[in-house]
Amino acid sequence: MGKLRCRFGEFAGDDTLGGMDHLVPVPVEVRAVPGDDFAVTAGVGVRAGGAAAAVGELLAEVLRDATGFAVPVDEARGAIALTIDDGIGHPEEYRLAVTRDGVALTAGTARGLFAGVQTLRQLLGEPWAFAGGVVRDRPRFAHRGVMLDVARHFFTVAEVRRFIDGISRYKINVLHLHLTDDQGWRIEIERWPRLAAVGGATQVGGGPGGFYTQREYRELVDYAAARNVTVIPEIDLPGHVNAALVAYPELGPAGVAPAPFTRHGNAKGFSSLAIDQEVTYRFVDDVLREVAALTPGPYLHLGTDETHATPEDGFLAFLARVLPMASQHGKAVIGWHEILRATPPASVIPQYWGRDSSDERMAAAVARGSRVVLSPAHKVYLDMKYDPGTPIGFDWAAFIEVADVYDWDPGTYLAGVPEAAVHGIEGPLWSETLRSYRDAEYLAFPRVAALAELAWSPRAKHDWPDFARRLAAHGPRWTAEGVNFHRSPQIAWVD
Ligand code: TNX
């Protein structure tokens with residue numbers, strides 16, 4: 001079989017789809033071996049045991065859905081073999097070999113196997129076969145993130161799961177959930193039940209809002225973990241707290257309940273916790289304790305952006321008390337780069353959302369030993385419009401087309417922040433202008449694929465025309481899955 005058809009369509013000519021030539025993100029090394037495809041037939045099985053079993057089961061489910069075959073998972077037999085090899089040092093590295101005799105996927109950990117399975121999925125064509133060849137792959141950056149703002153617009157557990165499915169296909173491994181803001185509080189806190197019950201009942205535009213019970217949240221975190229996605233919960237402090245003040249007025253400087261806030265407008269950074277009241281610190285400690293207990297991942301995100309309603313000395317005093325609380329609850333802290341005003345310890349990761357290519361505080365933090373996450377707003381803010389015709393989204397940072405996301409180098413972007421200091425990159429999807437989950441998909445795809453390649457693939461493989469050509473083959477996959485993606489005019493989409 002020389003030529004494969006993608007499972008989502010038939011393609012004439014030499015531009016074969018669904019093969020080694022259309023992988024996104026592009027692997028470190030990939031070599032197609034035409035004619036050495038592995039035919040997937042009714043008797044196919046997955047060989048996976050021990051730490052590989054769960055990933056093997058995920059792969060089997062994918063194959064069952066696509067082919068209707070039984071696809072058993074067994075630790076001793078099956079032509080598609082998933083193997084853990086302790087000799088592979090990097091936790092997300094994998095090696096894949098597809099020949100007419102079978103598929104061999106090897107990695108040092110289940111996380112590496114999961115990454116390899118995502119590659120394998122892109123190799124599946126119809127009639128059912130995996131394209132022949134070999135891949136050797138590992139990520140450039142450890143943190144490959146997307147942020148979803150569930151505060152301005154609430155997304156259900158089912159929607160967030162679907163989002164996790166969509167981003168993990170591209171080896172995104174961090175989902176930062178912006179759980180609290182002026183317009184809504186989305187996570188149940190047992191000690192402060194009105195946060196969710198009252199503070200969760202609003203959103204932009206005045207809809208019903210919503211929140212996750214602790215049980216739902218835990219299930220979401222587990223679902224993500226099974227797909228090598230670490231959830232980073234953000235509790236935005238000490239500003240962006242109007243919803244919390246509606247629920248508990250004693251937490252605010254005025255001590256009286258403000259009106260619920262359901263607009264977006266320009267009114268950013270208008271709310272603040274009462275910095276000089278003890279109740280504020282009991283509240284923060286309780287919230288961080290409960291959220292930390294729900295969080296297997298190492299990080300809590302404490303926000304700290306746009307604290308225009310908090311006096312500067314109060315902001316510094318607040319962080320001096322709150323940063324140690326996060327450590328007491330066993331977590332490292334990420335904050336928007338404004339957190340650097342407090343000169344935090346080097347373990348704190350600043351997330352840079354500025355648009356400048358130099359920032360003194362970022363450079364100084366790196367000089368002190370900090371690692372950083374880069375989210376320059378004019379490159380990776382997924383809530384920016386693609387172009388003036390985009391019906392949703394903002395444009396305050398830029399219009400951001402696919403090529404804009406792709407065309408920068410995180411390793412050289414910020415003065416004084418070398419590649420080794422870059423923990424990773426992240427695309428925030430703020431949701432003020434979103435009306436539905438379909439809107440979220442429209443803004444995320446295909447830009448997430450560009451972000452993912454920038455974060456995963458080595459700089460030496462960076463090549464816009466080649467990326468655009470490979471990306472074109474992903475349109476039919478999104479179409480088949482009902483993903484509402486933007487048909488960017490920069491891409492010669494295949495139908
Ligand atoms: C700025 S960037 C914000 C968010 C808004 C976003 C809209 C940052 C840390 N704060 O509160 O949702 O702009 O684009």
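The model is predicted, so local features require pLDDT of at least 70 and side-chain atom pairs count only at pLDDT 80 or more, while totals for chains, interfaces and linings use all residues. Residues are numbered from 1 along each chain as its sequence is written, and side-chain values use heavy atoms, with hydrogens and water left out.

**The ligand**

The shell has 14 residues, of which Arg152, Tyr381, Asp383, Trp396 and Glu432 come nearest. By class, seven are nonpolar, one is polar and six are charged; here Ala, Val, Leu, Ile, Met, Phe, Trp, Tyr, Cys and Pro count as nonpolar, Asp, Glu, Lys and Arg as charged, and the others, Gly among them, as polar.

A polar side-chain atom of Glu432 lies 2.6 Å from a ligand oxygen atom. Asp305 places a side-chain N or O atom 3.1 Å from a ligand nitrogen atom, and for Glu306 the distance from a polar side-chain atom to a ligand nitrogen atom is 3.4 Å. The protein buries 99% of the 360 Å² that the ligand exposes when taken alone (Shrake-Rupley method, 1.4 Å probe).

**Helix H7**

Select residues 278–293, helix H7 (helices are DSSP runs of H or I, at least four residues; strands are runs of E, at least two; both are numbered from the N terminus). At 1.5 Å a residue, its 16 residues should span 22 Å, and the end C-alpha atoms are 23 Å apart, which agrees; the expected span is 1.5 Å times one less than the number of residues. Twelve of the 16 residues are buried (under 20% relative accessible area; exposed is over 50%, partly exposed in between; 1.4 Å probe, protein chains only). Among them are Tyr281, Phe283, Asp285, Asp286 and Glu290.

S19 pairs with S18 (residues 332–336) in the parallel sense over three bridges; pairing requires at least two DSSP bridges. Ile334 stands opposite Ile349. Two bridges also join S19 to S20 (residues 372–374), again in parallel, and Tyr352 has Leu374 as its bridge partner.

**Glu188**

Finally, select Glu188, in the loop between strand S15 (184–185) and helix H4 (194–197). Glu188 is partly exposed, with a relative accessible area of 25%. Its C-alpha atom is separated by 12 Å from that of Leu288, 100 residues apart along the chain.

Terms used:
Near = heavy atom within 4 Å. Polar contact = N/O pair within 3.5 Å; in protein donor to acceptor, adjacent residues only side chain to side chain.
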